[in-house]
Every structure is written in C-alpha cells, then in structure tokens.
Amino acid sequence: MRPSPVLVFACAGHFAVHLLLGLHATAALAIEREWSVDYGTVIALGIWGAFLLGAAAPAAGWLADKVGAAPIMVVFFLGIGAGSVATAMVSGPAGLAVTLGALGVFGAIYHPVGLAWLLTGVDESRRGWAVGLNGLFGSLGVAAAPAVAGVLGDAYGWRTAFLLPGAITAMIGVLLIVALARGIVAIDGGSGAAPKAAAGASLPRQAATIDMKRALVALGTAMMCGSLLYSAFVTALPKWAEGRILASWPGADLGIVGTAVAVVFLVGGFGQVLAGYLADRYDSRHIYILVLATKPVLLVASVLIVGPAGLIAAALLVLMIDIASPSESLLIARWAPANRRGFAFGVRYAAALAATPAGLWLAAAFYDTSWGHNGLFIGLAALAAVAAIAAAAIPRDVAARSPAPAQTPRLGEGSSHVS
C-alpha cells in the first residue's frame, strides 16, 4: 500500500527534530576540547533553547490553526535546518547559545503541529499504524543523533555534524513546498473529528467526576516525573557512557561512544512497535504501572553494573520509556473530558517540553559534583519511583466497574492514539 505523502513528510520531520535537537549532547564532548570549556558549561548553553522548545509550542499550534498545518511545517523544516547550519558556523559560547535557541524555537513547531497534520493526512483506518510509525521515526532520530554527532565529528569535526543534517532538513522543506505547489500535499490545518466516547460515560456523574480528577492528577504527576527523568537521562547518557566505555576501552574514540549511545536509543525505539502490540491486547493502566515500576530498578542497575555492560540496563530503560508512551496516551484519551482531549494532549506535550531545561540543568549540575552522573541516576531512580506510585493511583478501567459493560467502549475504541 502506497504511503500517504503527509505520512512521509511527518515521519521525516519527527526524525529530523529529534536528530537535530539531540546533536548538542554528543557534540559537546568535542566542543569542550576545542574551546577549552568545561563540559557542564557547554551543555548549559542549550538551556534557553530547551526552554523555547516548550514556550513556543502553544504559539506554533495557534498559528497552525489560523493558516493551516502544512505551511507551518514548511517553516519548521526550513527554520530548524537553517538553525542547525548556523550552529556549525558559530565561533564561541555566546553564538552557540543563540543558535541552539533558534533550534528550540523552530523545533517547537513539530509536536503541536506535526501530529495533528499527520492525523488529517492519512486514512482513518490507518491512523493508529501511522502514529506508531511516526513515533518510531522520532525514536530513530534520538538514536541517530549521538552516532551522527560522533561519526561526523570524528571524521570532519563537530561543525559538520550540524551542517550536513541541517542542510538536508532544509532541503526536505523545499520538497514540501514543491509538493504543496503541485497539489501532492493539501494545505489543510484541520485536526479531524474528536473522539466520540467520554471516560466514565456509563457511570454516575459524581463518581465519574471524582475518578476523572483523581486519574488526571495521578497522570499529571507521573508525566511530569517521567518527562524530567527522560530529559536528564538523555542529556547525561553520552558523557556517562563515555566514562563506562573508556574504563574498559581506553582507546575508544568519540565515534565509538556515539555509536554505543545510538544503539541504546535504537533498542528503545522499537518499543513503539511492541507497545502497539501490547495496547491492543492488554489494559493500558496495567502496562503503564508495570513499565514505570521497572524504571527505578533499571536506573540503579545502570549504576551498579560495572563497565560497558551497564549500557544494557540503560538500553532496557529507554525501551521501557518508549513502551510507556502509547499507554500514557491511551489513558489520557480515556480520562480527559471528551471536549477537552485536545487540550489535555497539548498539556502533555507542554509538560514534557517544559521539563527539558530542568533536565539539562540537572545533568550539568550533577556532573560538577563529586557524585557525578551516577549520583544523578540514583536521584532519577527516586523520581521514577514517585511516578510509579502516582500511576498506581489511577482508577481502574471504566469497563471493569461499569454496570453496563456492553455499552462501554473497549480499549482503543473512541480513543485518540496519540503518542
């Protein structure tokens, strides 16, 4: 079956945003040596970009509602591509902070605009598959970032690691302009019909309201903890992995370190596929609780297991993070009021993006202490435990408690599979 052009561009965009935003963490290993600047200082230069990644997202979504999603996606491709090229040309820390800020501004476009654009550009019968595939491409972008930064950085210098992917991304924007001009892709910013079923529809109104509030508070707590954990973990991983690899392989270069980190993310990326399989067969709440409960164990194991073998625990942690995401989306769709689901998903993305600068700060701050990133991982394990406890407070599925189960939608029916 021929893929939708919108699906192709949306997957390319999801790959590009995570690739370009992820280059800095690994490129910083080379920048610190070239500029004779402390690693923590180089990493901290990305904090404003990470802040803008979240702060600019609502404006990007609002603008797409006014002029259409496709034109804003053109701005995304051209803008983030140009920002990456500009990053390759900076001469000092101040310039790097500015260009990383530009990457944050244009990167903010994708999540509020790209997914809604994707859902209007594919057949309704294939939306779940399309969203899952799109999520996989995002994970592949995360996985590719350290490898691209490491391999290109070793071969041609860290500037090429920003220059080449940025130029290719901008060219995709040009291709999208051509596709729009020829009518291959329609200029349509609609977001599709809202899901029909509301959580708790067959329960007494008071019980449904109480359970809904309880579920949303518990979900919000788990999501904030998970977003902060993910941001700090992804930022710290290249430097932490470098120490683990060099302890057993002193001759390892930046390319080897970057590739090792890429493998960790690649293993996790296929969790999107596994998550789709599980979500069709088991209750989302149970999956969510079990997955979150494994995170503290894997973080502690990453610290305790000596040498490169600790990367196996880190890879399993990334796998759990990716498996949790679709289950989280299903739970949001189930418990959010029917007329507020779009807002609820928007809050989810805003919370995740808002946690990014805090994660960057934590990674930089812990690196400068005697505890190092091992101490950071132990702290994140405690945060993961809080998320698991919050998930356990989510009420049981509506269908399990409903007096009229035949009238209650089954898992996945009337739900928005946004991940």
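Helices here are DSSP runs of H or I with at least four residues, and strands are runs of E with at least two, both numbered from the N terminus; in these terms, Lys213 is found in helix 10.

## Basis of the model

This is a predicted model, in which local features need pLDDT of at least 70 and side-chain atom pairs count only at pLDDT 80 or more, while totals for chains, interfaces and linings use all residues. Residues are numbered from 1 along each chain as its sequence is written, and side-chain values use heavy atoms, with hydrogens and water left out.

Helix 1 covers residues 5–35, and its 31 residues reach 43 Å from the first C-alpha to the last, close to the 45 Å expected at 1.5 Å a residue; the expected span is 1.5 Å times one less than the number of residues. The helix bends by about 45° at Ala27, where the bend is the angle between axes fitted to the seven residues ending at a residue and the seven starting there. Buried means under 20% relative accessible area, exposed means over 50%, and partly exposed lies in between, with a 1.4 Å probe and protein chains only.

At the N-terminal end, Ser4 caps helix 1 through a side-chain oxygen that lies 3.2 Å from the backbone nitrogen of Val6. This is a polar contact in the sense of a pair of N or O atoms within 3.5 Å; within protein, one must be able to donate a hydrogen and the other to accept it, and residues adjacent in sequence count only if both atoms are side-chain atoms. After the helix comes Ser36, which has a positive phi of about 55° although it is not a glycine. Ser36 is placed in the loop between helix 1 and helix 2 (39–44), and it counts as exposed because its relative accessibility is 67%.

## A nonpolar surface patch

Leu78, Met171, Val174, Ile177 and Val178 form a nonpolar patch on the surface, with about 380 Å² of accessible area together. Such patches are made of residues with over 30% relative accessible area and no salt bridge, like charges being joined within 9 Å and nonpolar side chains (Val, Leu, Ile, Met, Phe, Trp, Tyr) within 5 Å; the areas come from the Shrake-Rupley method with a 1.4 Å probe, and for residues only the protein chains shown count as cover.

Helix 9 (residues 158–181) gives the most to the nonpolar patch, with four residues. Val178 is found in helix 9 and counts as partly exposed at 37% relative accessibility.

## Helix 6

Helix 6 (residues 93–107) has 15 residues and reaches 21 Å from its first C-alpha to its last, close to the 21 Å expected at 1.5 Å a residue. The buried residues in helix 6 include Leu96, Thr99, Leu100, Gly101, Leu103, Gly104 and Gly107.

Tyr230 and Leu317 are 87 residues apart in sequence, and their C-alpha atoms are 9.8 Å apart in space. Lys213 counts as exposed at 56% relative accessibility, and its C-alpha is separated by 10.0 Å from that of Pro395, which is 182 residues away along the chain.

Arg285 is found in helix 13 (residues 284–304) and counts as buried at 13% relative accessibility. The C-alpha atoms of Arg285 and Ile394 are separated by 7.5 Å, although the two are 109 residues apart along the chain. A polar atom of the Arg285 side chain lies 3.3 Å from the backbone oxygen of Ala392, and the side chain of Arg285 also reaches the backbone oxygen of Pro395 at 3.4 Å.

Methods: A salt bridge is a side-chain nitrogen of Lys or Arg within 4 Å of a carboxyl oxygen of Asp or Glu.
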